[in-house]
Structure formats: structure tokens, C-alpha cells
Amino acid sequence: MALKIKNLTKEYNGHKVLDNFSINFDDNVINCILGESGCGKTTLLNVISGLEDFTAGEITGVNNSTFSYIFQETRLLKWYNVRKNIEYVLEDCNIEDRDARINKYLDITGLSKFSEYYPDQLSGGMKQRLSIARAFAYPGEILLMDEPFKALDIKLKKELTDEFIKLWKEDQRTVLFVTHELEEAMMMADNIHILGDTPLREVYRTDIKALKGQRSNAEEEIVLKRKLLYSVFTGQKEED
Amino acid sequence: MKKRWMKLFAVVIWLAIWFIAAIIINDSFKFPGPVETLKALFTNIISGDGFFRTVLTSLLRILLGLAGSFILGLVLGVAAGIKKGFADFLEPIVTVIKSTPVMSFIILAMIWFKFSTVPIIICFLMCFPIIYSNVKEGISQTDKKLLDMAKLYKIKPAAIIQGIYLKSVKPYFYSAANICLGLGFKVTVAAEVLASPDYGIGSRLYDAKIYLEPVEVFAWTFVILVLSYLLEQLLKFIFRDNKKGALANGS
């Protein structure tokens, strides 16, 4: 059942971060939420995942759902090594061969030989790889991503987005990917929802059909980029 | 390795200062030097006058007092750190224990309990608030983002306590335990001096006072220092950081 949000309101001390906000996401694709910093994107993810309550509205399609989450800061347990960080979130999961599952994701993310390392012995990119491996190893039906590549340099960002797409193609879950970077959104998304602020609303949605870094039609890409940029800067949808 | 030699060197220097001070004062009755102290210690050891039983009895009391305060301080500290209402409930009694002079507790314990158990109770009472307060503080400083992560991955409360809260609290607990080791020895021996049970280093110090034997005070104090050092090393070993592997480079 697709994830739908209807008339959602979220207040902090009387200040409305989300005001009567509605949006629909597609199942088993990478839904990208693009919007400027501070517009309420993280709050939206937190409300969807149940980390935060909401004041009013309705969220459907998440009943009894499990979530995986790739956070902006990796939120790794520094006292556990790489393997144990993944094991920890799988402890209460009903998974048949846990070790094989962990090995699989350590392999794909290139962390196998670092499985005994601790997070503070890893570089920033490796930490985020571990966070991605943990999220995929956990059998969450919906994968939430809150600007996970924000702090990384452009080369590393490209490497990690490619790796992420490789992982996702093997295990196609519904992904809600929050970012404020257009390039990142275009590299990864199946569809892009552009949000405008105060009050938060969806101003533009486009489907880009899972090209994911293999885009060959440059003209199509330029047109799409122009439309997206127009919406980001004006908070309006550009007429065709 | 160099650091260890430096520490040893510092100890040797201070022993030399003690040795020179004793020579200058030149009154081995009032101010015995290291040689007289070691002589008195060896006399105690070989005299067959229950040296090891005395030492082990005191050590056992200290360990029991510390174990009680560590366990209760940890359990109540974790509970109080998680539930503020519980912390508020415990606050008055913890404040009373913290503020009451140790002598009042020793006298009351001597009236209420067997003399041999008084040092254990005093050690517990003096160390418990330190462990409790530090653990509570450690729990309240636990990274909320990690707790959110655990909540999101539907990790059970017992695993959250074990995998996040207790791990976060470890440095706070270690720091408190270190303080308590020194304090535990001091208050246990002080309680033994006053309660004077059959066996105990404090009882031997009390005898030294009665028979005016400062060299015995020095010798038994030396024993306390050695035991305290050994326990501190044991604590360090228990809390050692067993991370391995070199810092990784690249991505």
C-alpha cells in the first residue's frame, strides 16, 4: 500500500513546521524530497517513521511498517566494531542466516576486511558505508534517508550513490530520500518532489524513471534540470 | 614504556625524600624512615600474628562495600537517569547520605550492627552516592540520536540499556569507581579503627595508637597503599580499551 500523507500538521511550541501538508509517495521506488535547508524535510521523515508525533492529519501506508534509516550523521555505536554495529540492529529480527546477511552487505559495501574496526577508526566515507550496510541489512520495508551524503566530497558522494543504487537494485524497497542538492536527487531518484517552505507544500513533482547515473539523453536532462531549478528558486511549477 | 619508567622514577624520588627526611629528623620513633617501616612490615608478616588474615579481612570488607555500592549505584543510577520521577524520589535520601558526616554513620552503625560489618556498611554508604550520581549523569548525557536510532530499528529496551545506556555510562562509572577505590579504603579503615573488630587493618592501626607505635602505623599504611594500587590496576584492566586495528585511510 502506497505511503500517503494527508493534511498533516506538526507544531513545535505553537510554530507550525508542517501545515495541512499532503503528499503521495510511490511504492518500491526511490522517492526524492528536494527542498532547501530548514524547510521541514527532516521533520517530515521523523513524523513518518514515528520518531516524532504529529498534531493533526493522516498518514496511510505505514501501519506496522518497519523502517531503515540512513541518517545525516551516521549514528553508529562507537563502542561496537563494524560487524557488531550491524548485528545490534538485527538482534530482534527474525532472520534465518544473520551472519550470511551481514557478510553480504559488508562485502557489497567493501567493509569486509574492516569488520573488526571501530567507527572512530574509519574514515567519514567508510562510516557512511557502514550506515548504508546497516540500513539494508535491516529488513525495513521503508528506507528513509536524511541527506546522508551531505558532509562528503563530490568524488566520495558519487561512489556512495553508485553503491547505494547497486544495493537498492538488488533489494528494491520504498525509499524516501531527503536532500537539498539537485545533482544528488537527479543521480538517484525515480521521482522528485520539490517542496517549498512556509508553509511546507509540494510545488512540483516529476518522474525521471530510474535513469540513476546512466542518463544518456543530455537534452532531456537539461530540460529536466531547468524545470527543477525553476521550481526550487521560484516555489512554482514551470508551465510546459 | 618510557611513561612507566618515569612513574617508577617519581616513586623512587619520593622514597628518597622520605628517607632523607627521616635522617634529618633523626627520631625513628616519631618519624620512621622507609627502612624501619619495611622492617616492621616484614616482622608483621613473619610473626604469624594473623597478618594475612588481617589484610584479607579488610580487603574483603572493602570489596563487599564497593561491590554493594557499585551494583546498587549502577542499577538505581540507570533507573534514575531514565526516569526523572524516580530520580526525584531518591534525591532526598541521596542528599542525606552525601551530607551526613561519616562519623555519625560509623557511630550509628556501631549501635545497630555487628562491629565486623560496620566497615562494610560505611564503605557502601560513602561510595554509593558517588556511583549513583555519576551513573545518573552518564545516563542523562546519553546521545539522544542513538536512542532514536535504536527506537527506529525497534531494538528491545533491555538491548537499549545494555547496548547504549550502559556503554555511554562506562566512562562516568569508571571515573566514579576510581574515586571510590581510594575513598573505600580510607573510610573502611577508619570504621575499623573506631569499631575495632577482631581482624582488620584499622584494628591494627588502633592497636598502634594504644601502644604508641608510629612505625606500625607507617607499615600498615604502606599495606593499604599497595592494596589500593593493586585494586586500581585491576580496575584499569577491567575497563581497558580493547580496540584494535590501525586507523583506516581513504574511503
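Colleague: Which residues are buried in helix α9 of chain B?

Modeller: The model is predicted: local features need pLDDT of at least 70, side-chain atom pairs count only at pLDDT 80 or more, and totals for chains, interfaces and linings use all residues. Residues are numbered from 1 along each chain as its sequence is written, and chains are lettered from A and ligands numbered from 1 in the order in which they are written. Helices are DSSP runs of H or I of at least four residues, strands are runs of E of at least two, and both are numbered from the N terminus; a residue is buried if 20 or more other C-beta atoms, placed from the backbone, lie within 10 Å of its own. In α9(B), residues 201-210, the buried ones are B:Ile201, B:Gly202, B:Ser203, B:Arg204, B:Leu205 and B:Ala208.

Colleague: What covers the buried residues of α9(B)?

Modeller: Contact here requires C-beta atoms, placed from the backbone, within 7 Å. The cover includes α3 (51-82), α6 (118-140), α8 and α10 (214-238) of chain B.

Colleague: Which residue with positive phi follows α9(B)?

Modeller: Its phi is near 50°. The residue is B:Leu212.

Colleague: At what angle do α3(B) and α4(B) pack?

Modeller: Helix α4(B) covers residues 84-99, and its axis is 5 Å from that of α3(B). Axes are lines fitted to C-alpha atoms over the stretch in contact, and angles run from 0 to 180 degrees between N-to-C directions. The angle is about 125°.

Colleague: Why is α3(B) called oblique to α4(B)?

Modeller: Angles under 35 degrees count as roughly parallel, over 145 as roughly antiparallel, 65 to 115 as roughly perpendicular and the rest as oblique. The pair packs at about 125°, and that makes α3(B) oblique to α4(B).

Colleague: Which residue classes make up the contact of α3(B) with α4(B)?

Modeller: From α3(B) come B:Leu76, B:Ala79 and B:Ala80, and from α4(B) B:Phe86, B:Ala87 and B:Leu90. Ala, Val, Leu, Ile, Met, Phe, Trp, Tyr, Cys and Pro count as nonpolar, Asp, Glu, Lys and Arg as charged, and the others, Gly among them, as polar. The contact has no polar and no charged residues, and 6 nonpolar.

Colleague: Which helix gives the most to the side of chain B that touches chain A?

Modeller: The contact takes 25 residues from chain A and 21 from chain B. On the chain B side, α7 (144-152) and α8 (157-195) each supply at least two residues. With 6 residues, the helix that gives the most is α7(B).

Technical notes: Contact = placed C-beta atoms within 7 Å. Buried ≥ 20, exposed ≤ 12 C-beta atoms within 10 Å, placed from the backbone.
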